[in-house]
Amino acid sequence: MTSRTAAWNLLTEFTQSESLRKHALAVEACMRAYARKFAGDEERWGVVGLIHDFDYEKYPSAQEHPYKGNEILKERGYSDEIRRAIMSHAEYSGVSRDTPLEKALFACDELAGFITAVALIKPGKSLAEVDAKSVRKRMKDKAFARKVNRDDIINGAKDLGVDLDEHIAFCIEAMKPVAKELGLDGSAATLPPASSAQK
Ligand SMILES: [Fe+2]
């Protein structure tokens, strides 16, 4: 099962948090873009991005996420390919990342969150104000978005076989078409600051 609609329904059934839903949409956008670049199945890659953390809100512990989600996905008929990719995005699961799909998910996950965090500190709170240079600068700032593991971003790009700066620029561009859904189109600038940028 790779229907985008079914995947969205699954995500929203399990995830009420607005920021987690936005994270899912951001990773989906990056995955769809990489599917086009690497000639992967865009719908399938997008679904993997969309639901990779669907169980996180309900089952956030490392004992449960993504294992619990994996069981639910199996019950609902999701393929081994999709389930394995989701399992492999958790470093501690012991599931290796072998395919381009699995490598892309890991490479995009933390980075999408980090790009979002960088956009939210810009005056206009928009993706249009973010470039690879500003992301790299923030990556060196240990106090900024400290929950985001910099090594995961660096190693993710390396393992995917893409230059880090190009990877960052690629993901920023991939997220721009859904900037409105991500709350990063500049319209949030007039609202009070968001309390938390990451999941
Ligand atoms: Fe994630």
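Visitor: At what angle do helix α1 and helix α2 pack, and how far apart are their axes?

Guide: First, the ground rules: this is a predicted model, where local features need pLDDT of at least 70, side-chain atom pairs count only at pLDDT 80 or more, and totals for chains, interfaces and linings use all residues. Residues are numbered from 1 along each chain as its sequence is written, and side-chain values use heavy atoms, with hydrogens and water left out. Helices are DSSP runs (H or I, at least four residues), numbered from the N terminus. Axes are lines fitted to C-alpha atoms over the stretch in contact, and angles run from 0 to 180 degrees between N-to-C directions. Here α1 (residues 4-14) and α2 (residues 18-37) pack at about 155°, their axes 11 Å apart. That makes the two roughly antiparallel (over 145 degrees; under 35 is roughly parallel, 65 to 115 roughly perpendicular, the rest oblique).

Visitor: Which residues of α1 and α2 meet there?

Guide: Contact means heavy atoms within 4.5 Å. From α1 come Arg 4, Trp 8, Leu 11 and Thr 12, and from α2 Arg 21, Ala 24, Leu 25, Glu 28 and Arg 32. By class that is four nonpolar, one polar and four charged. Ala, Val, Leu, Ile, Met, Phe, Trp, Tyr, Cys and Pro count as nonpolar, Asp, Glu, Lys and Arg as charged, and the others, Gly among them, as polar.

Visitor: How do α6 and α7 pack?

Guide: Helix α6 (residues 100-120) packs on helix α7 (residues 132-140) at about 100°, axes 10 Å apart. They are therefore roughly perpendicular. Leu 111, Phe 114, Ile 115 and Val 118 of α6 touch Ser 134, Val 135, Arg 138 and Met 139 of α7, giving six nonpolar, one polar and one charged residues.

Visitor: Which protein donors hold the iron ion, and at what distance?

Guide: Donors are N, O and S atoms within 2.8 Å of the metal (3.2 Å for Na, K and Ca); water is not among the atoms, so sites may look incomplete. In this model they are His 23 (NE2), His 52 (NE2), Asp 53 (OD) and Asp 109 (OD), 2.1 to 2.2 Å from the iron. Their sequence spacing reads H-x28-H-D-x55-D. His 52, in the loop between α3 (42-51) and α4 (67-75), and Asp 109, in helix α6, are 57 residues apart and link distant parts of the chain.

Visitor: What are the angles among the four donor atoms?

Guide: They run from 85 to 172°, and the site is irregular. Four donors are tetrahedral if all angles lie between 85 and 135 degrees; four are square planar and six octahedral if opposite donors are over 155 degrees apart and all others between 65 and 115; anything else is irregular.

Visitor: Which peptide bond is cis?

Guide: Most peptide bonds are trans, and most residues other than glycine have a negative phi. The bond from His 65 to Pro 66 is cis, omega near 5°, with Pro 66 in the loop between α3 and α4. Ala 39 has a positive phi, near 55°, and sits in the loop between α2 and α3.
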